[in-house]
Amino acid sequence: VPEEGGPPQEFLPQRIEHAGWYSSPDLLPGSRGVVFTVRKGTRTAVVAWSRHIGLREVIQDASRARYLPTGHLVYETQDQLRMVRFDLDRLERVADSSVVVDGLPVTFDSPAFAVSGARTLVHLPPYQGLSRLVWKDHQGRTTPLAFPPHRYGPPPALSPDNRWVVVQVEEANRRHLWIGAAEGNTLTPLTDGGDDWVPACSPDGAWVYFSRHDGTSYNVFRTRVEGPRVAEAFVAVLDALAGLPVGALQG
């Protein structure tokens, strides 16, 4: 966006094949270019671009890189913050990377660290990120469920009869759905996609609907609670219903 204001302008007209999105840009000094994060399916990579070289993948399975005045890139990978020397002229990493922080919190929508031009690094403290599921009644009393602690992501889904619960479990840059009897102590996998999240239960309790990134785009999927758990794209179901009268849709 121009400094004086106005409509935003497309900065990077080139497209990366099979890329889901670009995020977390960081401008390189001296108008050398930019580094940013590219997501392809369930994988992320740090990519650099300049007018002279074009696009160049720098680090696989990494995200949210920031250039340091020391000539390094610092970036997130899995649950680590790592640093590697970076050649500005060739847009290439130099030598091997080293660990700066081990046990960095895994976040999806914002970085867990920041750096300043004064060579100062701040980061969220290392932690396990484990949580427990609990019941909370109308009087505010809390009763823990028997499921083991895990990296549960919001929100869980409860069947209409309170018989079973579906939770989102976070593993690095991926999310999966697990299901278990609300009065039990065991969770089993409900989905095996690359990135499944935000479950919702059908009114009859027979289906779980959820968001999925299938490698190229987002869509709404569903799978049965009992029987073969084969995820199907809900948009196909909507297409099949498109020709029915309104009364049938309401039914």
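**Close-up views of a pocket and its aromatic neighbours**

**View 1. Lining of the second largest pocket.** Phe11, Leu12, Tyr22, Ser23, Pro25, Leu27, Val34 and Phe36 line this pocket in what is a predicted model. Two elements each give two or more residues to the lining: strand S1 (21-27) and strand S2 (34-40). S1 provides the largest share, four residues. Sorted by class, the lining has seven nonpolar residues, one polar residue and no charged ones. The pocket's volume comes to about 170 Å³.

**View 2. The aromatic pair of Tyr22 and Phe36.** The structure holds three aromatic pairs, and here we look at one of them. The ring centres of Tyr22 and Phe36 are 5.3 Å apart with planes at 55 degrees; that angle falls between the cut-offs of 30 and 60 degrees, so the pair is tilted. Tyr22 sits in strand S1 and Phe36 in strand S2, 14 residues apart, so that the pair links distant parts of the chain. Tyr22 is partly exposed, at 31% relative accessible area, while Phe36 counts as buried at 5%.

**View 3. The aromatic pair of Phe210 and Phe221.** With ring centres 6.2 Å apart and planes at 25 degrees, Phe210 and Phe221 form a stacked pair. Because Phe210 belongs to strand S18 (residues 207-213) and Phe221 to strand S19 (residues 218-224), the pair ties together parts that are 11 residues apart in sequence. Both Phe210 and Phe221 are buried.

**View 4. Arginines over aromatic faces.** Trp207 has Arg222 over its face, at 3.7 Å from the ring centre.

Terms used: Residues are numbered from 1 along each chain as its sequence is written. This is a predicted model: local features need pLDDT of at least 70, side-chain atom pairs count only at pLDDT 80 or more; totals for chains, interfaces and linings use all residues. Side-chain values use heavy atoms; hydrogens and water are left out. On a 1 Å grid over the protein atoms alone, a cavity is a set of points where a 1.4 Å probe fits but cannot get out, and a pocket is an open set with protein on both sides within 12 Å along at least five of seven lines; lining residues have an atom within 4 Å of a point. Grid points are joined across faces, edges and corners, and a volume is the space filled by probe spheres set on the points. Ala, Val, Leu, Ile, Met, Phe, Trp, Tyr, Cys and Pro count as nonpolar, Asp, Glu, Lys and Arg as charged, and the others, Gly among them, as polar. Rings of Phe, Tyr and Trp (its six-membered ring) pair if their centres lie within 6.5 Å; planes under 30 degrees apart count as stacked, over 60 as edge-to-face and the rest as tilted. Buried means under 20% relative accessible area, exposed over 50%, partly exposed in between (1.4 Å probe, protein chains only). A charge sits over a ring if NZ of Lys or CZ of Arg is within 6 Å of the ring centre and within 35 degrees of the ring normal.
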